Amino acid sequence: MTRKLFYEDSHMQEFEAEVLSCEPSGDGYIITLDETAFFPEGGGQYADTGWLGDVRVTDVHEKGGIVRHMADRPLEPGTKVKGRINWEERFEKMQQHSGEHIISGLVHKKFGYDNVGFHLGSGYCTIDFNGPITNRELKEIEELANEAVFRDLDIQVAYPSNEELQSIDYRSKIEIEGQVRIVTVPGYDVCACCAPHVDRTGEIGLIKLTDMVNYKGGERINMLCGIRALRDYRQKERNVKEVSALLCAKEDEVAEAVRHLKEEQIQQKGKLASLQQKLIAYKAAEISADSGRVVVFDSELSGNGPRELMNLLLDRGARVCAVLAGTDREGYRYVIGSRAEDVRPLCKSMNSRFSGRGGGKPEMVQGSLAGEEKEIRSFIEGL
Ligand SMILES: [Zn+2]
């Protein structure tokens, strides 16, 4: 059995240990030590990373009480080695995990729901509960949780006997074999847990519940604690400051400013559409529709513009009318119509000549193609 230093001191960052074994495995090596501060994966918390001397530890697992360090290079059994865990990463995880206990304890006390899923990833942390929670209740829980932080309570770890356990009311996800480890946040939570925690609730820092979605008949809550909450604050601050500067609006009024901008945009779109309508009428009047086939190129028409122009020209007597919107470089969107003949064969031959795509009904086809205006025009007029 490996002596687990992370249980004796959850704040141990460095330690010295003896290498007991080193076996090749996959691309690296599995190293065991007589004692370690590396916490293996467990309790919803992923494993520590760090260094054993100059050797990188990328993952840690526990098997039958033995902690196995996955390393990129070998170490000589029998030698002493200095271990160093990635403390920033570990402390960040302990902040999230201890925060999770407080939230789960509060939800359990208030609603009787169980924590049925806990995922502590490198950038996110979610907690699943098996019952509904309203947004207002979520805010309440968040406030109470932060109260626990402000009170800077001692987080207690105990190893009660089986007899003592009978009289303790604690949360537990699974039936635990062997010694049960009880983590208590006084007044907030009592829970069986195998992971290292911060010593005092003040170390958790701000507990922010950022999102809640319905999940399997219950709720999935997104939570950020401590340094992660600060990072999130900074990112949101950057965004708000940028939007505020772009809109020349005060930071606490950006939402109102964006709403205003959207309304303005809708009005502009309406104006643009009516201007386009007028433009199309002028264009149609300028184009001679006497010849059998009328081909019009235009780089400005958008939306329904090409079709409206085509209809106006058909009204004015064109037998077949093709309107192409776009440029030689970007390609063209086309619409072709006729009230006298089936335009589908024309569409088909055009598509195959100019690697286009599209189709439609006998009286109207539309699609897109690529080519030069001159060639497309003579192709349609010449057919
Ligand atoms: Zn836990």
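Helices here are DSSP runs of H or I with at least four residues, strands are runs of E with at least two, and both are numbered from the N terminus. The model is a predicted one, so local features need pLDDT of at least 70 and side-chain atom pairs count only at pLDDT 80 or more, while totals for chains, interfaces and linings use all residues. Residues are numbered from 1 along each chain as its sequence is written, and side-chain values use heavy atoms, with hydrogens and water left out.

Take the zinc ion to begin with. His 97 (NE2), His 101 (NE2) and Cys 193 (SG) coordinate the zinc ion at 2.1 to 2.3 Å; donors are N, O and S atoms within 2.8 Å of the metal (3.2 Å for Na, K and Ca), and since water is not among the atoms, sites may look incomplete. Along the chain, the spacing of these donors reads H-x3-H-x91-C. His 97 and His 101 sit about one helical turn apart, because they are four residues apart in helix α2 (residues 87-111).

Now for helix α8 (residues 344-353), where Leu 346, Cys 347, Met 350 and Asn 351 are buried. These four lie on the same side of α8, because they cover an arc of only 130° around the axis (taken from the directions from the helix axis to the C-beta atoms). Pro 345, Lys 348 and Ser 352, on the other side of α8, are exposed. After α8 comes Ser 355, with a positive phi near 35°.

Key
Buried means under 20% relative accessible area, exposed over 50%, partly exposed in between (1.4 Å probe, protein chains only).
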